[in-house]
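Visitor: I'd like to learn how to read a structure like this one. Could you walk me through it?

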Amino acid sequence: QVQLVESGGGLVQPGGSLRLSCAASGSIFRGDAMGWYRQAPGKQRELVAGITSDGTTKYVDSVKGRFTISRDNAKNTVYLQMNSLNPEDTAVYYCNLKRYGMDFWGKGSLVTVSS
C-alpha cells in the first residue's frame, strides 16, 4: 500500500516560485502514473499536471509554461515546480498516484499566493 505525503507548500508573493514534493512510503514503479491536483475554496478539484509511466507530461492550460512536473522513481518522489505564481494558483495541492486504475492520495499541501 502506498502512502503519499506532500511538502513544500506555504505563502508566496505573486510572481514567486515554489516547489512541491510528494514522497511515497512505498515504492513508485514504472507503471504508476503520477499527478498533482488542486482544489481552491469553493471550486472542484482539478488536475494541474500529470506524468505517465513513459514520462509523458500534461498540464492544465492555465499553468502551461509555468509549472513543471517531474518524477524520480529511485527516490520514490514526484515534484511540481511552480513559477510565476499568481493569486489564482492559491489552493490545496494534492499528490496522486494511479496504479491499475486505483487512486492513492496525499493529505494535501496549502499554497497561498498573496501580497
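This is a predicted model: local features need pLDDT of at least 70, side-chain atom pairs count only at pLDDT 80 or more; totals for chains, interfaces and linings use all residues.

Visitor: How many disulfides does the structure hold, and which residues does a disulfide join?

Guide: The general idea is that a disulfide is a covalent bond between the sulfur atoms of two cysteines. Here there is one, and it joins C22 to C95 with an S to S distance of 2.1 Å. The two cysteines come from distant parts of the chain, 73 residues apart: C22 sits in strand 3 (residues 18-24) and C95 in strand 9 (residues 91-99).

Visitor: Is the disulfide left-handed or right-handed?

Guide: Look at the torsion about the S-S bond of C22 and C95: it is about -85°, so the disulfide is left-handed.

Visitor: Is C22 buried or exposed? And what about C95?

Guide: Buried means under 20% relative accessible area. C22 has 1%, so C22 is buried, and C95, at 0%, is buried too.

Visitor: On to the core. Which residues in the largest nonpolar core touch the most other members?

Guide: In soluble globular proteins, nonpolar side chains tend to be buried together. In this model the largest nonpolar core has 27 residues, and L4, W36, F67, L80, M82 and Y93 touch the most other members. Elements giving two or more residues to this core include strand 3, strand 4 (33-39), strand 8 (77-82) and strand 9.

Visitor: Which residues is Y93 in contact with, leaving aside its neighbours within four places in sequence?

Guide: Quite a list! Among them are L20, W36, V48, F67, L80, M82 and V111, along with E6 and R38.

Visitor: Now the charged pairs. How many salt bridges does the structure hold?

Guide: Side chains of opposite charge can pair when their charged atoms come close. This structure holds six salt bridges. In one of them D89 pairs with R38, with the closest N and O atoms 2.9 Å apart. D89 lies in the loop between strand 8 and strand 9, and R38 in strand 4, so the pair ties together parts that are 51 residues apart in sequence. D89 is buried at 1% relative accessible area, and R38 is buried at 7%. Both belong to a salt-bridge network that links R38, E46, R66 and D89.

Visitor: Is D61, which forms a salt bridge with K64, buried or exposed?

Guide: D61 counts as exposed, at 62% relative accessibility, while K64 is partly exposed at 49%. Their closest N and O atoms are 3.0 Å apart.

Key
Residues are numbered from 1 along each chain as its sequence is written. Side-chain values use heavy atoms; hydrogens and water are left out. A disulfide is a pair of cysteine sulfur atoms within 2.5 Å. Helices (H or I, at least four residues) and strands (E, at least two) are DSSP runs, numbered from the N terminus. Buried means under 20% relative accessible area, exposed over 50%, partly exposed in between (1.4 Å probe, protein chains only). A nonpolar core is a set of buried Ala, Val, Leu, Ile, Met, Phe, Trp, Tyr and Cys residues joined through side-chain atoms within 4.5 Å. Contact means heavy atoms within 4.5 Å. A salt bridge is a side-chain nitrogen of Lys or Arg within 4 Å of a carboxyl oxygen of Asp or Glu.
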